[in-house]
Every structure is written in C-alpha cells, then in structure tokens.
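Visitor: I should like to go through this structure with you. Could you put it on the screen, please?

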Amino acid sequence: QIRALVESVGRSALELAADPAHRRLFEDREREREANAAAFERTAGREVRYGQVIQLRNAYSGALLAVTRRSAHVSKDARRVTLEAEPGEAAWLRITPRLRIHAEGQRVQL
C-alpha cells in the first residue's frame, strides 16, 4: 500500500511518514513487521502441517516469498512468485494437500 501511495502522490516515503494523514499507514506497517518477527521466532524450526498458513523467508536476504495476482512470465495460467521485503498478505501461504491420502492437520513430509 505504501509503495502504491508513494507512486500515486509523487512524494517520498519519508515525506509521507511525516504527514499526520498518512502516519497511521506507516504505524500499521511497523506493527505488522513486529508481529511477523515475533511469529518467526515463535515458529522457526517447527514442523509444518497441512492447512497451516506460513511465510517463507529467504535466509540470505531476509525477503519473503510472495505470490502476486499478476500472471507469471513463463505461463500465463500461473501466478507470479517474487521475493519482497514487505509483501503483506501476498506472503501468507496456506499449505494444502495435493493428494487425497493427506488430510489437514497431518504433518508435511519431504
């Protein structure tokens, strides 16, 4: 949201953060960052189960894997997957079973 706002208004993110009308947006972003960091610390290293919502973080850059609504470059039937520093809801991935032999709540095995 912030990126789109910066592009539409034509002002820098620092200018918008100083503006009281837009300050809440930046505060919300910071709260989400803190919640993500706390959730990461709480769940890192735990097993993943079908039906669970997860976020995948790149170990080197710290960016999150995000699935956008735009179509992929290779296949127009697939969605585009990117690494984003602050993706928001695009980084929430629900693990669903592909085969009927797996059920929600069951541990994912590689």
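Visitor: Let us start with S71: how exposed is S71?
Guide: S71 is partly exposed, its relative accessible area being 28%. Here buried means under 20% relative accessible area, exposed over 50%, and partly exposed in between, with a 1.4 Å probe and protein chains only.

Visitor: Before we go on, what kind of model is this?
Guide: This is a predicted model, in which local features need pLDDT of at least 70 and side-chain atom pairs count only at pLDDT 80 or more, while totals for chains, interfaces and linings use all residues. Residues are numbered from 1 along each chain as its sequence is written, and side-chain values use heavy atoms, with hydrogens and water left out.

Visitor: Back to S71, then. Where is S71 found?
Guide: S71 belongs to strand 2, residues 64-71. Helices (H or I, at least four residues) and strands (E, at least two) are DSSP runs, numbered from the N terminus.

Visitor: Which residues does S71 touch?
Guide: Setting aside residues up to four places away in sequence, S71 touches K76, A78, R79 and R80. Contact means heavy atoms within 4.5 Å.

Visitor: What share of the residues is buried?
Guide: Of the 110 residues, 18% count as buried. The protein exposes about 8,900 Å², and carbon and sulfur atoms supply 52% of that area. Accessible areas come from the Shrake-Rupley method with a 1.4 Å probe; for residues, only the protein chains shown count as cover.

Visitor: What about confidence: where is it lowest, and where highest?
Guide: Confidence is lowest in helix 1 (residues 2-9), with a mean of 60, and highest in strand 4 (residues 93-94), at 91. For the protein, the mean pLDDT is 82, and 85% of the residues reach 70 or more. pLDDT is the predictor's confidence in each residue, from 0 to 100. Where pLDDT is low, the predicted coordinates should not be read in detail.

Visitor: Now helix 3. What is its span?
Guide: Helix 3 (residues 23-43) has 21 residues and reaches 30 Å from its first C-alpha to its last, close to the expected 30 Å. That expected span is 1.5 Å times one less than the number of residues. Helix 3 is followed by G45, which has a positive phi, near 85°.

Visitor: How many salt bridges does the structure hold?
Guide: The structure holds four salt bridges. A salt bridge is a side-chain nitrogen of Lys or Arg within 4 Å of a carboxyl oxygen of Asp or Glu. One of them joins R31 and D28, at 2.3 Å from N to O. Another joins R33 and E30, whose closest N and O atoms are 3.1 Å apart.

Visitor: Why are R31 and D28 about one helical turn apart?
Guide: R31 and D28 are separated by about one helical turn because they are three residues apart in helix 3. R33 and E30 also lie in helix 3, three residues apart, about one turn of the helix. An α-helix has 3.6 residues a turn, so residues three or four places apart point the same way.

Visitor: What does E47 pair with?
Guide: E47 forms a salt bridge with R107, the closest N and O atoms being 4.0 Å apart. E47 lies in the loop between helix 3 and strand 1 and R107 in the segment after strand 4, so the pair ties together parts that are 60 residues apart in sequence. E47, R49 and R107 are linked in a network of salt bridges.

Visitor: Where is R49, and what is R49 in contact with?
Guide: R49 sits in the loop between helix 3 and strand 1 (53-54). Leaving aside neighbours within four places in sequence, R49 is in contact with I95, G105, Q106, R107 and V108. A polar atom of the R49 side chain lies 2.8 Å from the backbone oxygen of G105.

Notes: A polar contact is a pair of N or O atoms within 3.5 Å; within protein, one must be able to donate a hydrogen and the other to accept it, and residues adjacent in sequence count only if both atoms are side-chain atoms.
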